Amino acid sequence: MKKKPRYSEPLSTVLRRHPHGSKTEIASTVRWVAWISLALFLALSVSFYISNRYTNLMIALIGIIPVIISLVLLRQEAVTAPSTILAGTIILLITGLATSGQGLYDIGILGFPVILIVAGLILRGKVIMYLAFFIILCMGWLGFGDYFGWYQPVSNTLGTIGDFFIGSIIILVAGNAVYRLIKNVYQTLSQAENEITMREQAEKEREAVIQKLKLKNQELDRFAVRVSHDLKTPLITVAGFLGFLEKDIKDGNNERVEKNIAQISEAAKKMGKFVDELLDLSRVGRIVNPPKDVAFEEIVQDALTATEGILKARQVRVKIEAIFPFVHVDRARVVQVMQNLIANAVKFMGDQSQPSIKIGFEEIKGEHIFSVSDNGIGIAKAHLESIFELFSKLDPNTDGIGIGLGLVKRIVEVHGGRVWVESEPGKGSTFKFTLRSTSAING
């Protein structure tokens, strides 16, 4: 089987993964240069030893030290530091060879720009210009040292001060050109990376919208099925009892007439309640009342007042365990959230002999979390998320059409919060939701 190439992407994609290019590839290149430099210094040392040029031998041996340091740094996955050390070492080597050769007219003029250009392909920013100024210092030594007789090149041609300035201009031009070129390359890559990131973000947003539409379509399907079923049932009941009512009136059975009317009235109430809940659901996401700063404690009291009847009927003890903050919300909507959570807790108390509800609050990492806990029958782990779906009823024998917790979820999300439940069967449930505080809004 043919081996898959390690790098199959375009060069721009590889470079985009790191601000200085592919670090692995660059480190490998620098390591190769370091080993070649070490071999060069060793070869020069042997050559100088054989030719009895002990001064040059000493320079070559000293040059081995920074090369070894570079290899050590490369093993520690560094790149910039060893690259700079190698560039500086080779610049000094060229300067030393030029000093013992033909001075400024030796390989320095050719070698310095080459080193600067090669270093510029690996290093970035001010390091390139620092190397350029270092090269100018070395050229200053070669030019002025030759002119003032600080060293004696093998050539009899005396260097001039003008040669130094000409060489310096060449280095500055080369350094600036490399700096501008590399800067332009990385700016282009950065711009390409930003464009790719924006396209990827747009693609993710598109996928998120498609997924949301799929969920909405599934929800609409469930909505249509449930509405048709829950509207049809009371209508069938009304139609059936109207037939009984007509027969009983003709027979003069007043007792049955009253029962039939009661059944028709009950079916009509259920239908009315169903329609009211659907209308309430349709208003979620639209502003009913402008958001205002309100003490959450007032919201709790409003919800307890609205549920006072069912709390007394079931003899549920309610305990408030927190000092609540101010929130910036549609008060009526959030009262509805608390009212639904309290009513849901009462509905699923089971046969608890001492039913109780706790209403709490905590702040975790700046997030305001409100909670309603009960000691009822609890919820199985498999249903902890599905209970917030519209028309979801774990117990089909309970009252309602299964949109109470769905309403809670949507109202909380419209206010920029989130809602979840923590529960175990037989150990009660704790419904939690977040709201933004007034300090967060003003901040």
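A crossing is left-handed if the near helix is turned anticlockwise from the far one by less than a right angle, and right-handed if clockwise.

**Ground rules.** I number residues from 1 along each chain as its sequence is written, and side-chain values use heavy atoms, with hydrogens and water left out. The model is predicted, so local features need pLDDT of at least 70 and side-chain atom pairs count only at pLDDT 80 or more, while totals for chains, interfaces and linings use all residues.

**Entry 1: α11 and α12.** I took helices (H or I, at least four residues) and strands (E, at least two) as DSSP runs, numbered from the N terminus. The axes of α11 (residues 331-347) and α12 (residues 404-414) come within 9 Å and cross at roughly 145°. Axes here are lines fitted to C-alpha atoms, for helices over the stretch in contact, and angles run from 0 to 180 degrees between N-to-C directions. The crossing of α11 past α12 is left-handed.

I then listed the contacts (heavy atoms within 4.5 Å). From α11 come R333, Q336, V337, N340, L341 and N344; from α12 come G404, L405, L407, V408, I411 and V412. I sorted these residues into seven nonpolar, four polar and one charged. For that sorting, Ala, Val, Leu, Ile, Met, Phe, Trp, Tyr, Cys and Pro count as nonpolar, Asp, Glu, Lys and Arg as charged, and the others, Gly among them, as polar.

I checked burial in α12, where buried means under 20% relative accessible area, exposed over 50%, and partly exposed in between (1.4 Å probe, protein chains only). L405, G406, L407, V408, R410, I411 and V412 are buried there. Just after α12, G416 has a positive phi of about 80°.

**Entry 2: the cores.** A nonpolar core is a set of buried Ala, Val, Leu, Ile, Met, Phe, Trp, Tyr and Cys residues joined through side-chain atoms within 4.5 Å. The largest has 37 residues, and F296, I299, M338, I357 and F433 have the most contacts inside it. α11 supplies the largest share of this core, eight residues. A second, separate core has 17 residues, including I91, A98, I115 and A132.

Beyond its neighbours within four places in sequence, F433 touches residues that include F296, M338, L341, F370 and W420.

**Entry 3: the sheet.** I found an open sheet of five strands in the order β2-β4-β5-β7-β6, with mixed pairing. Strands pair if DSSP finds at least two bridges between them. β2 (317-320) and β6 are the edge strands, each pairing on one side only. The twist averages 20° from one strand to the next. β4 and β5 run antiparallel and are joined by eight bridges; E363 stands opposite H368 in β5. Helix α9 packs on the sheet, touching β2, β4, β5 and β7, and its direction makes about 175° with that of β2.

**Entry 4: two single residues.** Is T434 buried or exposed? T434, in strand β7, is buried, with a relative accessible area of 5%. Outside four places in sequence, T434 contacts E367, H368, I369, V412, G417, R418 and W420.

S100 lies in helix α4 (residues 80-100) and is partly exposed, at 24% relative accessible area. Outside four places in sequence, S100 contacts R53, N56 and V154. S100 and T55 are 45 residues apart in sequence and 9.5 Å apart in space, C-alpha to C-alpha.
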